[in-house]
Amino acid sequence: MNRRQFIAATGATLLTILAGCKTEPDGEKFIGYWKSDSKYDPDVIHIARNGDSFLFTVVAKGPLGGDYQAHKLPAKLDGSNNILIVGENRIAYDEKADMIVSGQMKARRATEAEYQAIAKPATTQP
């Protein structure tokens, strides 16, 4: 292989590697609105960036079937870009299904309107 071919091959390899590098900040895939799969009384979640960490807002039915209540919790990425730690819970992002999963909860990406339809009447809890 002559020098010109070597330089061209090396340049093409470097461009391929750089094209494969991610351009979005860590955790961007979590940001947005989510709605649980539950047919009755679904939970809705809003995940927003809060500096270097995240703000995780979940709106869920209160205990014993009460009204919806909003809970705001700090969240941070685990060592993995696909795991978000909220309190003591670990939430995984399923890239193929575009869902977040934690224990028994599964939530699909939702619109702001779907979130607001449930969150608007909710009371805020610390």
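What follows is a walk through a predicted model of one protein chain, from its overall make-up to single residues.

The confidence of the prediction comes first. The mean pLDDT of the chain is 80, and 76% of its residues reach 70 or more. Residues 5-23 are a stretch where the pLDDT is below 50, and apart from near neighbours in sequence this stretch has two contacts in the model. Where pLDDT is low, the predicted coordinates should not be read in detail.

The chain holds two helices and nine strands. Of the 126 residues in the chain, 29% are buried. When contacts between residues at least 6 apart in sequence are taken, 44% of them join residues at least 24 apart. The accessible surface is about 8,600 Å², and carbon and sulfur atoms account for 55% of that area.

Strand S3, residues 53-61, runs antiparallel to strand S4, residues 68-77, and the two are joined over eight bridges. Within this pair, valine 58 stands opposite histidine 71 of S4. The hairpin of S3 and S4 has six residues between the strands, and in this hairpin leucine 64 takes a positive phi near 65 degrees.

S4 also pairs with strand S5, residues 83-86, again in the antiparallel sense, over three bridges. Here leucine 77 stands opposite leucine 84 in S5. These two strands form a hairpin too, with five residues between them.

Helix H2, residues 112-119, can be read by its sides. Tyr115, Ile118 and Ala119 of this helix are buried. Seen down the axis of H2, the buried residues fall within an arc of 90 degrees, so they line one face of the helix. Ala113 and Ala117, on the other side of H2, are exposed. What do the buried residues of H2 pack against? Their partners are S1, strand S2 (44-50), S3 and S4, so the paired strands S3 and S4 described above are among them.

The loops hold several residues that can be looked at one by one. Lysine 29 lies in the loop between helix H1 (3-20) and strand S1 (32-36). Is lysine 29 buried or exposed? With a relative accessible area of 15%, lysine 29 is under the 20% limit and therefore counts as buried. Its side chain is joined to that of asparagine 82 by a polar contact of 2.8 Å.

Aspartate 41 is not a glycine, yet its phi is positive, at about 50 degrees. This residue is placed in the loop between S1 and S2. Aspartate 41 has a relative accessible area of 43%, which lies between the limits of 20% and 50%, so the residue is partly exposed.

Aspartate 98 likewise has a positive phi of about 50 degrees although it is not a glycine. The loop that holds aspartate 98 runs between strand S6 (89-94) and strand S7 (99-102). At 26% relative accessibility, aspartate 98 is also counted as partly exposed.

Definitions and conventions:
Residues numbered from 1 in each chain as written. Heavy atoms only, no water. pLDDT = per-residue confidence, 0-100. Contact = heavy atoms within 4.5 Å. Helix = DSSP H or I, 4+ residues; strand = E, 2+ residues; numbered from the N terminus. Buried < 20%, exposed > 50% of the residue type's maximum accessible area, 1.4 Å probe, protein only. Areas by Shrake-Rupley, 256 points an atom, 1.4 Å probe, with all protein chains shown as cover. Pairing = 2+ DSSP bridges. Polar contact = N/O pair within 3.5 Å; in protein donor to acceptor, adjacent residues only side chain to side chain. Arc of directions from axis to C-beta.
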